[in-house]
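Please examine the sequence and the structure shown below. This report concerns pairs of charged side chains.

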Amino acid sequence: MPQTLAAAAHSELLIKKSRFLGCVQPMGDRAEAQRVVAVLKAQHPGAAHVCWALLAGGQSAAVDDGEPSGTAGRPMLDVLRHQDLEGVLATVVRYYGGIKLGAGGLVRAYTDSVAQALLVAEKVAIVRCTSLRCVVPYAQEGLVRRALDGAGAVLLGVSHGEQVEFAFSLPVDAAAELVACLDEACHGRLVWLGED
């Protein structure tokens, strides 16, 4: 099951006098990631490189920012993929220490920076949800409320007119079971509404 992060987590490595500041954080999309990277570059004007990798909403990115091709962004992206993460931006700010690390050393440094930050990051499962709407007679309102509560649904709204209309969301995995349960319990008096 894919996971994302609850909050940003950081790491700091010193390798042959080069300083690597790693960060992993939840991220919605590429545009948001580019804004974060721009802010990092402004905050670290003396840094040699600000490399980053992104997995978010079907978008991915691997940016070496001047490091030899394939030595920074791609290894960072591989760490995110290996841990089955989604909606995550990894960044590493490098302050060059004057000693070349070579391609293999760079790959290890960038990989380790992301991996160390992920060790302290709180991971949370991504639960896909769906929204549903239904209408029931007033006599069924309590029954529907109890069923929604029991299924862990989040009530988005209730309106009282000629009948009671419910709008709610719940995990996709639980939707079919709840629909069947409510259909049976309400004996045909519940009507499911489509999207507007």
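A salt bridge is a side-chain nitrogen of Lys or Arg within 4 Å of a carboxyl oxygen of Asp or Glu. Side chains of opposite charge can pair when their charged atoms come close.

The model is predicted: local features need pLDDT of at least 70 and side-chain atom pairs count only at pLDDT 80 or more, whereas totals for chains, interfaces and linings use all residues. Residues are numbered from 1 along each chain as its sequence is written, and side-chain values use heavy atoms, with hydrogens and water left out.

A search of the whole structure finds five salt bridges.

| Asp65 | Lys41 | 3.2 Å |

Relative accessible area is described as buried (under 20%), exposed (over 50%) or partly exposed (in between), using a 1.4 Å probe and protein chains only.

Helices (H or I, at least four residues) and strands (E, at least two) are DSSP runs, numbered from the N terminus. Asp65 forms a salt bridge with Lys41. Asp65 lies in the loop between strand 5 (59–63) and helix 2 (73–82), and Lys41 in helix 1 (residues 30–43), so the pair ties together parts that are 24 residues apart in sequence. Asp65 is partly exposed at 26%, and Lys41 is partly exposed at 39%.

Glu141 and Arg145 both belong to helix 4 (residues 141–150), four residues apart, about one turn of the helix. Glu141 is buried at 14%, whereas Arg145 is partly exposed at 36%.
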